[in-house]
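Here is a walk through one protein chain, from its secondary structure to a single residue. Keep the coordinates open while reading.

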Amino acid sequence: MLIAVLAMVSATSMTATLTDLRIAGAYYKSIAAFHTAEAGLVHGRHELSDEDGDRDFSDVSSAITLFDAREFHGGSYTVVATPVTGATPARLRLRSSACYPAANPCPRSHARAVLETLLEHDPAGATPRDRVRLIAWRALN
């Protein structure tokens, strides 16, 4: 009888431990997806503000994909810039969708994150980075 009780306690402990490990793994993946999406926003802002003649802020007149399934530390992100019509000064909505681990398209079993930021063009800025200002930021999921 004592062995049966110890076996039940052991089985319950193993089940609880495995559940904790699954939860910790899912949490790690969700945090990694969030940081991957954040890296996409930073990379997108840099691309729009570097004034190298390729995908600069002032050149975006319709929705454009800046990066598609770009890999970053085991994850991947896609960044899309969309102009805000009628905004003065000019504004762009930058959306970064991430998948961890990296996949394109992102399957349901992987962690996902979508972040969005609103950028504003300020031609009077001292540096290219100052000319593309961050106005707002939000997580969509």
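Helices here are DSSP runs of H or I with at least four residues, and strands are runs of E with at least two, both numbered from the N terminus. By that definition the protein chain has two helices and five strands. Read from the N terminus on, their order is α-β-β-β-β-α-β. The model is a predicted one.

Next comes the overall form. The radius of gyration of the protein chain is 22 Å, whereas a compact globule of 141 residues would have a value near 14 Å. Along the principal axes, the C-alpha atoms fill a box of roughly 80 × 25 × 25 Å.

How much of the protein chain is buried? Of its 141 residues, 28% are buried. Among contacts with a separation of 6 or more, 46% are between residues 24 or more positions apart.

Ser76 lies in strand β2, which spans residues 75-83. Is Ser76 buried or exposed? Ser76 counts as buried because its relative accessibility is 4%, and the cut-off for buried is under 20%. Leaving out residues up to four places away in sequence, Ser76 touches Thr36, Ala69, Arg70, Glu71, Ser97, Ala98, Cys99, Ala102 and Ala103.

Note on methods: Residues numbered from 1 in each chain as written. Predicted model: local features only at pLDDT ≥ 70, side-chain atom pairs only at ≥ 80, totals over all residues. Heavy atoms only, no water. Rg over C-alpha atoms; globule rule 2.2 N^0.38 Å. Buried < 20%, exposed > 50% of the residue type's maximum accessible area, 1.4 Å probe, protein only. Contact = heavy atoms within 4.5 Å.
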